[in-house]
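Visitor: I have a model open on my screen and would like to talk it through with you. Shall we begin?

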Amino acid sequence: HKEQIYKALLEEKLKHSVAGKLFRASLLREKSIQTFEHVTLSEDGCLFYQLVALCNRIVTLDEVVYYYMENKASSTQVAYSEKQVESVIIANRVMASCVAPYPSLKRLADHKFTFNIFRLYMEKISMRKLEGLIAKHHMTAYAFRPGNLQKLTMGDYWFLLKRFVLERILWLKSKR
């Protein structure tokens with residue numbers, strides 16, 4: 001059952017946000033859950049993937065229980081700082097380690113985490129710093145390698161389109 005949940009997460013059929021999910025309080029007090037004090041983005045992913053690993057039973061509902069409104073001023077709409085880029089790398093390392101025990105998910109996980117790292121190449125951070133952060137957090141296996149990317153999902157294309165449009169807007173504003 002955990003493998004099915006991880007597969008749904010990797011395919012983005014299930015979101016790793018903890019919003020709209022219920023957990024036993026005892027699970028959240030589990031000592032083995034790693035916390036990352038300085039992670040400012042993707043902290044839900046860090047937590048949710050670890051919670052799935054600890055669960056004995058998982059129940060899903062095919063109902064919408066949470067609506068998300070996009071905020072144009074939110075951290076997902078502007079270029080990341082170096083600290084935010086590092087947060088995403090750390091979160092992806094935690095998520096990759098949770099999925100690692102499931103060999104059938106390796107190819108899907110390689111795609112997901114490689115694409116997540118690829119997204120960071122598009123941020124306003126030097127390639128040198130990015131590569132240093134990837135190495136620092138032992139994520140070099142997911143440094144951009146086209147062979148790890150499968151067919152892009154609609155969510156992947158949407159991200160790339162939003163990032164491209166944002167870059168063009170920022171570029172046009174800088175020319176004024």
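Guide: Gladly! One definition first: buried means under 20% relative accessible area, exposed means over 50%, and partly exposed lies in between. Please keep in mind that this is a predicted model.

Visitor: Is E11 buried, partly exposed or exposed?
Guide: The relative accessibility of E11 is 26%.

Visitor: Which residue does the side chain of E11 meet in a salt bridge with a distance of 3.3 Å, N to O?
Guide: Side chains of opposite charge can pair when their charged atoms come close. The cut-off for a salt bridge is 4 Å. At 3.3 Å, N to O, the side chain of E11 meets that of K13.

Visitor: And is K13 buried or exposed?
Guide: Exposed calls for over 50% relative accessible area. K13 has 66% relative accessibility, so K13 counts as exposed.

Visitor: Which residues are joined into one network with E11 by salt bridges that share partners?
Guide: The salt bridge between E11 and K13 has come up already. Salt bridges with shared partners make one network of E11 with K7 and K13.

Visitor: How many residues apart are D110 and K106?
Guide: These two side chains meet in a salt bridge of 2.9 Å, N to O. D110 and K106 both lie in helix α5 (residues 106–121), and about one turn of the helix separates them, that is, 4 residues.

Visitor: Is D110 buried or exposed?
Guide: Buried means under 20% relative accessible area. With 13% relative accessibility, D110 therefore counts as buried.

Visitor: Which helices hold K129 and E82?
Guide: K129 and E82 form a salt bridge, with the closest N and O atoms 3.3 Å apart. The pair is 47 residues apart and links distant parts of the chain: K129 lies in helix α6 and E82 in helix α4.

Visitor: Which residues form a nonpolar patch on the surface?
Guide: V165 is one of them, and its place is in helix α7. V165 counts as partly exposed because its relative accessibility is 39%. Together the patch has about 370 Å² of accessible area, and its residues are W158, L161, V165 and I169.

How values were computed: Residues are numbered from 1 along each chain as its sequence is written. This is a predicted model: local features need pLDDT of at least 70, side-chain atom pairs count only at pLDDT 80 or more; totals for chains, interfaces and linings use all residues. Side-chain values use heavy atoms; hydrogens and water are left out. Patches are made of residues with over 30% relative accessible area and no salt bridge: like charges are joined within 9 Å, nonpolar side chains (Val, Leu, Ile, Met, Phe, Trp, Tyr) within 5 Å. Accessible areas come from the Shrake-Rupley method with a 1.4 Å probe; for residues, only the protein chains shown count as cover. Helices (H or I, at least four residues) and strands (E, at least two) are DSSP runs, numbered from the N terminus. Buried means under 20% relative accessible area, exposed over 50%, partly exposed in between (1.4 Å probe, protein chains only).
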